[in-house]
Amino acid sequence: MNASQGQESGMAEIEPTTPESSGNLTPPDAERWQTAPLAEGETEVESPSPKAPATLLRLRIAQSGRTIEVRTSQVCEIGRPDPGLGLFPDLDLSQEGPEAIWVSRRHACIFYHDGHFYIEDLGSTNGTYLNNKRLVSGLPYALQDGDELRFGRIVAHVHIE
């Protein structure tokens, strides 16, 4: 699994959900955790550096300065709501201005597993990027303090405690 390199204002806490209650998110098998390439054509595999287990992730949205928290017991689905389809993501990026149109309704999710926070693209149209590299949809990527994420054209910075 690739580990990639890498602030805080008004906090909006996300209600916890479980993989079972948030749709088709299922715990991946052990092999999946060790084989996720960072982008098509890249095959170098690294493990997250051994540190004390993370307990809190703060995601700061660059456009608005809004900060949200994701705790170890949560699965945070990121996207835009669609009441007609009954989709209401945990982190609604539709309020981030005109750039939000590039965010899919079910864009990505952040979750905690075995001492680390991960991000997974959920098949978004305009992609999820980790430090300017597009993620392969459906594969988890370890997050590190200081990482930059991009959901379509919405930029966010990761702070892990």
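Which residue in β10 does tyrosine 118 stand opposite? I looked it up: alanine 142.

**Ground rules.** I am working from a predicted model, where local features need pLDDT of at least 70, side-chain atom pairs count only at pLDDT 80 or more, and totals for chains, interfaces and linings use all residues. Residues are numbered from 1 along each chain as its sequence is written, and side-chain values use heavy atoms, with hydrogens and water left out.

**The sheet.** I traced the strand order next. 5 strands make an open sheet, ordered β5-β4-β6-β7-β10, with mixed pairing. β5 and β10 (140–142) are at the edges with a single partner strand each, so one side of each has no neighbour in the sheet. Strands here are DSSP runs of E, at least two residues, numbered from the N terminus. I count two strands as paired if DSSP finds at least two bridges between them. β7 (residues 116–121) and β10 are joined by 3 bridges and run antiparallel.

**Strand β4.** I then checked both sides of β4. Isoleucine 78 has a bridge partner in β6, alanine 108, and another in β5, leucine 91.

How many of the 5 residues of β4 are buried? I found 5 of the 5, so the strand is largely enclosed by the rest of the structure. Buried means under 20% relative accessible area, exposed over 50%, and partly exposed in between (1.4 Å probe, protein chains only). In a regular strand the side chains alternate between the two faces of the sheet. In β4, Val75, Glu77 and Gly79 cover one side, Cys76 and Ile78 the other.

**Arginine 80.** I moved on to the loop between β4 (75–79) and β5 (91–92), where arginine 80 is found. Arginine 80 is buried, yet I see no salt bridge for it. A salt bridge here needs a side-chain nitrogen of Lys or Arg within 4 Å of a carboxyl oxygen of Asp or Glu. For charge, Lys and Arg count as positive and Asp and Glu as negative, while His and the chain ends are not counted. The nearest side chain of opposite charge is aspartate 92, 7.2 Å away. What does the side chain of arginine 80 reach at 2.5 Å? I get the backbone oxygen of valine 103. Beyond neighbours within four places in sequence, arginine 80 is in contact (heavy atoms within 4.5 Å) with residues including Pro89, Ala100, Ile101 and Arg105.

**Aromatic pairs.** I list 2 of them in the structure. Phenylalanine 111 and tyrosine 118 have ring centres 5.9 Å apart and planes at 20°, so this pair is stacked. Tyrosine 112 and phenylalanine 117 are edge-to-face, at 5.0 Å centre to centre and 65° between the planes. Rings of Phe, Tyr and Trp (its six-membered ring) pair if their centres lie within 6.5 Å; planes under 30 degrees apart are stacked, over 60 edge-to-face, the rest tilted.

I also noted accessibility. Phenylalanine 111 is buried at 10%, and tyrosine 118 is buried at 4%. Phenylalanine 117 is buried at 1%, whereas tyrosine 112 is partly exposed at 23%.

**Threonine 67.** My last entry concerns strand β3 (residues 67–71), which holds threonine 67. Threonine 67 is buried, at 0% relative accessibility. Its C-alpha atom is 9.1 Å from that of alanine 156, 89 residues apart along the chain.

How values were computed: Helices (H or I, at least four residues) and strands (E, at least two) are DSSP runs, numbered from the N terminus. A polar contact is a pair of N or O atoms within 3.5 Å; within protein, one must be able to donate a hydrogen and the other to accept it, and residues adjacent in sequence count only if both atoms are side-chain atoms.
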